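Good morning. Please look at the sequence and the structure on the screen, and then I will go through one part of the chain.

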Amino acid sequence: GRGFKRVVQRERILVPLRAEDKDLNALYHALSLADRIRARVFVLYFKPSAFQGGSRWWEETVEDVIKGACEEGLSVSYHIAQGSFEQELSTLVREEEIDLIVFAAEEDDSAMEQIMRRIGSRLKSQVIKVRTKNHFSYL
C-alpha cells in the first residue's frame with residue numbers, strides 16, 4: 001500500500017507561483033526546507049494570458065532561482081500552467097502525490113487562501129502560507 005511507498009519516496013513540495021505575486025518568498029522557503037529534508041520541489045507557474053502581458057523579467061528570475069537550486073543539488077521541476085488555477089493545482093498535487101504546498105499570499109488575499117484550504121483538505125496535503133521569508137503559518 002501507500003505506507004510502504006512513502007519509506008522510499010522523498011517528500012514532495014509544491015510551490016504555486018503567479019505573475020502577480022510580489023516576491024519569491026514561498027519559493028525560497030520551499031527550497032530551504034527541501035534542502036534540510038532532501039525533498040523534491042515542484043514549481044507550478046501560472047503564466048498570464050497574452051493580453052494580460054507577461055512579466056518576462058519575473059519569469060527569468062524564477063528560472064534563475066530554480067537553476068541555482070539545481071546546481072546546488074536540489075531536485076526541482078518547473079511546470080507552466082495556463083488553465084484554471086484550482087484545477088491545474090489539484091491535478092499536479094494528485095499526479096505527483098504532493099505532501100506539502102507552500103504558497104505566498106498578501107494579508108488581504110483570502111481567495112487564494114480559500115482555494116488552498118480546499119485543495120489541502122480534499123487532497124490531504126499539508127499547506128503552508130508564507131508572508132515574508134521568515135513568517136509563515138500552517139493552514
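A polar contact is a pair of N or O atoms within 3.5 Å; within protein, one must be able to donate a hydrogen and the other to accept it, and residues adjacent in sequence count only if both atoms are side-chain atoms. This is a predicted model, so local features need pLDDT of at least 70, side-chain atom pairs count only at pLDDT 80 or more, and totals for chains, interfaces and linings use all residues. Residues are numbered from 1 along each chain as its sequence is written, and side-chain values use heavy atoms, with hydrogens and water left out.

Now to one such contact. The side chains of Glu113 and Lys129 are joined by a polar contact of 2.3 Å. Glu113 lies in helix H5; helices are DSSP runs of H or I with at least four residues, strands are runs of E with at least two, and both are numbered from the N terminus. Is Glu113 buried or exposed? Glu113 is buried, at a relative accessible area of 17%, where buried means under 20% and exposed over 50%, with partly exposed in between (1.4 Å probe, protein chains only).

Next, the strands. Strands pair if DSSP finds at least two bridges between them. E4 and strand E5 (residues 126-132) run parallel, joined by 5 bridges. From E4 the chain passes through H5 to E5, a right-handed β-α-β crossover: with the strands pointing away from the viewer, the path from the first strand over the helix to the second runs clockwise. E5 is also joined to strand E6 (residues 135-138), by 4 bridges, and these two run antiparallel. Val130 of E5 has Ala104 opposite, and Phe136 in E6 also stands opposite Val130.
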